[in-house]
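Hello,

Here is the structure I promised to pass on to you. Please open it alongside this email, and I will walk you through what turned up.

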Amino acid sequence: MALNFRFAIASDLHIALPHTIWNHPNRYHLVEVSIPAFESVLETLTQLDLDFLLLPGDLTQHGEPENHAWLQERLSKLPFPVYVVPGNHDVPVLRADQQSIGFLDFPYHYRKFGYENPDKLYYTCELLPGVRLIGLNSNCFNDQGQQVGRVDSEQIRWLEQVLAASGDELVLVMVHHNIIEHLPNQSRHPLAKRYMLENATELLQVLRRYGVKLIFSGHLHIQDVAYSQGVYDITTGSLVSYPHPYRLLEFRQDHHGREWLEILSYRVDSVPNFPNLQKTSRQWTRDHSFPFLVKMLTVPPLNLSFEDAQKIAPCLEDLWANIADGDTLFDFTKFTDFPQEVRCYFEQYGAIAPCGTPSLIDNNTTLLLQ
């Protein structure tokens with residue numbers, strides 16, 4: 001029987017009840033809109049005939065017990081199943097402290113949302129007949145106690161066992177960190193590599209070996225569809241960052257046995273106190289971009305001097321918002337005082353396929369999977 005189903009994705013919710021909001025001076029997220037933006041999305045989704053909703057991590061501002069409690073209670077009232085995985089913000093400490101839940105506590109908050117066995121931070125479940133979800137934990141703590149993005153060896157062995165037993169099932173993988181690069185040389189860039197799994201290559205080899213075609217990730221706060229040798233990594237932007245997107249997806253098989261995935265993207269345009277959220281949020285991103293841009297210009301591969309970086313950074317104030325938009329093509333030739341290597345480098349961040357032609361698939365597209 002042909003598979004046909006519809007689901008949604010909302011990522012990096014960063015849920016923050018008003019009294020928990022952490023007003024750090026370098027805060028880059030509009031967590032003030034976290035709950036009303038999510039409520040706006042849910043209002044739309046509950047009117048649709050959805051089979052399930054995926055939330056690929058960073059569910060809370062910083063792992064606060066109150067925010068986890070609010071979210072799990074809200075999810076329990078929805079008319080469709082919801083599945084979650086932890087993001088780095090959800091489990092920021094190994095052991096619970098005054099602010100955050102502990103690393104191993106996460107599954108106990110979400111036993112109704114994938115974690116039937118709360119003793120593990122990863123799981124698999126049958127979404128529909130013939131459709132299997134694998135929810136991976138990509139958060140680890142190294143020997144120095146630092147949080148890193150990695151799928152540990154025990155989890156990879158478990159994953160191989162699950163995939164070997166999956167037979168002809170369609171397998172969807174959900175994970176917080178990126179597995180395929182969404183930015184130029186992401187796995188090696190000093191600022192971007194932390195958004196990828198340290199062992200992404202190892203994990204991708206396992207997924208390819210068993211014919212997995214679809215990965216759903218978050219973490220990077222951009223709209224992007226990346227492809228590598230038969231596998232798509234679909235990352236969805238954050239509900240607390242411009243452009244506040246979410247996705248509706250429809251999988252179908254045609255009478256020739258071909259598999260298609262239609263992707264449609266939507267945005268939250270307004271919430272209480274933010275009547276023009278898109279404009280306000282884009283300006284917020286612009287206003288907070290300067291330190292990040294200076295750092296980006298002074299690290300490899302550009303290695304500009306601090307003085308040169310300060311001169312160029314203001315011209316790039318819309319760079320990250322445009323990247324987050326998805327499907328953006330860059331042309332920096334109008335900045336005649338830019339060094340040639342700087343212009344060429346940032347133009348790579350546009351929606352360009354490896355062959356050099358535009359590839360506008362980040363927001364609305366239909367993918368032929370086989």
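One cut-off first: a residue is called buried under 20% relative accessible area, exposed over 50%, and partly exposed in between. Asn303, at 47% relative accessibility, therefore counts as partly exposed. Please keep in mind that this is a predicted model.

Let me stay with Asn303 for a moment. Asn303 sits in the loop between α7 (290-298) and α8 (306-312). Leaving out residues up to four places away in sequence, Asn303 touches Leu297 and Thr298. The C-alpha atoms of Asn303 and Pro107 are separated by 43 Å, and the two residues are 196 apart along the chain. The loop between α7 and α8 also holds Pro301, and a cis peptide bond, with omega about 10°, joins Pro300 and Pro301.

There is another cis peptide bond to look at, between Tyr242 and Pro243, where omega is about 5°. Pro243 is in the loop between β11 and β12 (245-253). Tyr242 comes up again as a contact of Arg282, a residue of helix α6 (residues 277-287). Not counting residues up to four places away in sequence, Arg282 touches Tyr242, Asp318, Ala321, Asn322 and Asp325. Is Arg282 buried or exposed? With a relative accessible area of 18%, Arg282 is buried.

Next, the sheet. An open sheet of 6 strands runs in the order β4-β5-β8-β9-β11-β10, with mixed pairing. The edges are β4 (123-128) and β10 (224-228); each has a single partner strand, so one side of each is left without a neighbour in the sheet. On average, neighbouring strands of this sheet are turned by 20° against each other, direction ignored. Helix α4 (residues 153-165) packs on the sheet and touches β4, β5 (131-135) and β8 (170-174). The direction of α4 makes about 180° with that of β5.

As a reminder, strands of a sheet pair through backbone hydrogen bonds, either parallel or antiparallel. You can find both here:

- Strands β9 (residues 214-217) and β11 (residues 231-235) pair in the parallel sense over 4 bridges. The bridge partner of Phe216 in β11 is Ile234.
- Strands β4 and β5 pair in the antiparallel sense over 5 bridges, and Leu128 has Val131 in β5 as its bridge partner. These two strands form a hairpin with 2 residues between them. Gly130, in the turn, has a positive phi of about 85°.

On backbone angles, most residues other than glycine have a negative phi, and most peptide bonds are trans. Asp12 has a positive phi, near 50°. Asp12 lies in the loop between β1 (4-9) and α1 (34-45), and at 0% relative accessibility it counts as buried. Asn273 also has a positive phi, near 75°. Asn273 is in the loop between β13 (259-267) and α6, and is exposed, with a relative accessible area of 74%.

Last, the surface. Leu329, Ile352 and Leu360 form a nonpolar patch there, with about 260 Å² of accessible area together. Of these residues, Ile352 is in the loop between α10 (340-347) and β14 (365-368). Ile352 is partly exposed, with a relative accessible area of 37%.

Happy browsing, and do write back with any questions.

Best wishes

Conventions: Residues are numbered from 1 along each chain as its sequence is written. This is a predicted model: local features need pLDDT of at least 70, side-chain atom pairs count only at pLDDT 80 or more; totals for chains, interfaces and linings use all residues. Side-chain values use heavy atoms; hydrogens and water are left out. Patches are made of residues with over 30% relative accessible area and no salt bridge: like charges are joined within 9 Å, nonpolar side chains (Val, Leu, Ile, Met, Phe, Trp, Tyr) within 5 Å. Accessible areas come from the Shrake-Rupley method with a 1.4 Å probe; for residues, only the protein chains shown count as cover. A salt bridge is a side-chain nitrogen of Lys or Arg within 4 Å of a carboxyl oxygen of Asp or Glu. Buried means under 20% relative accessible area, exposed over 50%, partly exposed in between (1.4 Å probe, protein chains only). Two strands pair if DSSP finds at least two bridges between them. Axes are lines fitted to C-alpha atoms, for helices over the stretch in contact, and angles run from 0 to 180 degrees between N-to-C directions. Contact means heavy atoms within 4.5 Å.
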